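Please keep the sequence and the structure in view while reading.

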Amino acid sequence: MRCALAVVGLTVALACGSSDDSVRVVRVPEQAATIAEAVAEAQPGSIIQIAPGVYHEAVSVEVPGITLRGLDRNEVVLDGRFELANGISVKANDVAVENLTVRHYNQNGIVFNGIAAASGGPVDPAVDYGTGDDVLSGYRVSWVTTHNNGLYGVYAFAARDGVMEYSYASGHPDSGFYVGQCQPCNVVIRQVIAERNAIGYYGTNASGGVWVVQSVFRNNRLGIAPNSQDMERLAPQAEAIVAGNLVVDNDDPAAPSIPDGYFGGGIAVGGGTRNTIVRNRVTGHDRAGIEVLDLNGYLPQGNRF
């Protein structure tokens, strides 16, 4: 399965599918007792169909081109019981996760790990993963709920050609939706809701073809933050488009916090360059509705509001 992403204005089309009409379906728990067992049996193009239930497992996906699909978004629940690191860890291209809930993991709800996908073994410290062929290519999260995980809800790192859509993230002490270290990223985040996280959307060194659109960011400590940092490669961040969002009351002291983190802002561009912030409704913030500031020695340049 290969995902083709096209962006024209604010119209986004994603085509992901198999050319074979006889797609293999592996049903959990009827044919495989656990999601991890189903993934182990999967072939490229397979659909893992998950029945309602609570699954206390960590799922690692290394088979390209598969779809993990719950039959009921609220009743198909992956629960780490704060004992497991990640709910769904994807290390392969063209993987989709749909229609389920992920909660109570120590690190991330869903993570797309481009370094693991590109290296296939030991990490080479000389490689700038996230550019060229050193990247996870093709990912999608649709109709997914992530809440109360230890760091991030949905996390994409060194990955490109992605979509996060119609999903919800709450209760994360880092960010609900995250994209980092990719150039170009070619990712669309649309029709999502992020509330009561430390940060709604965080994009560290996420550059080129980043669209955060038509979404709601409310009651976080910070709403939206394209930013440049040395903690990851490919700084400075550049060329994200933030458009048509509702950004409201991101000054909630009850939201989970990052030590020494930013508080009370709607949209903060920290050391980012050539970003476009347009047609958003931004209201109800203690510090600033929209702020441009230097971060880690990176000066914001060429941003348009």
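## Cis peptide bonds

Pro184 lies in the loop that runs between strand β16 and strand β17 (187-190), where strands are DSSP runs of E with at least two residues, helices are runs of H or I with at least four residues, and both are numbered from the N terminus. The bond that joins Gln183 to Pro184 is a cis peptide bond, with omega at about 0 degrees.

## How the model is read

This is a predicted model, in which local features need pLDDT of at least 70 and side-chain atom pairs count only at pLDDT 80 or more, while totals for chains, interfaces and linings use all residues. Residues are numbered from 1 along each chain as its sequence is written, and side-chain values use heavy atoms, with hydrogens and water left out.

## Positive phi angles

Most residues other than glycine have a negative phi, and most peptide bonds are trans. Ala158, although not a glycine, has a positive phi of about 50 degrees, and this residue is found in the loop between β13 and β14 (159-165). Ala158 counts as buried because its relative accessibility is 0%, given that buried means under 20% relative accessible area, exposed means over 50% and partly exposed lies in between (1.4 Å probe, protein chains only).

Asn219 is also not a glycine, and has a positive phi of about 55 degrees; Asn219 lies in the loop between β21 (216-218) and β22.

## Aromatic pairs

The structure holds seven aromatic pairs, where rings of Phe, Tyr and Trp (its six-membered ring) pair if their centres lie within 6.5 Å, and planes under 30 degrees apart count as stacked, over 60 as edge-to-face and the rest as tilted. One of them is the stacked pair of Tyr155 and Tyr178, at 4.6 Å centre to centre with 15 degrees between the planes. This pair links distant parts of the chain, with Tyr155 in strand β13 (residues 152-157) and Tyr178 in strand β16 (residues 175-182), 23 residues apart.

The rings of Tyr178 and Tyr202 have centres 6.1 Å apart and planes at 45 degrees, so this pair is tilted. Tyr202 belongs to strand β19 (residues 199-206), and the pair links distant parts of the chain, 24 residues apart. Tyr178 is buried, with a relative accessible area of 1%, and Tyr202 is buried with 14%. Tyr152, Tyr155, Phe157, Tyr178 and Tyr202 form one aromatic cluster.
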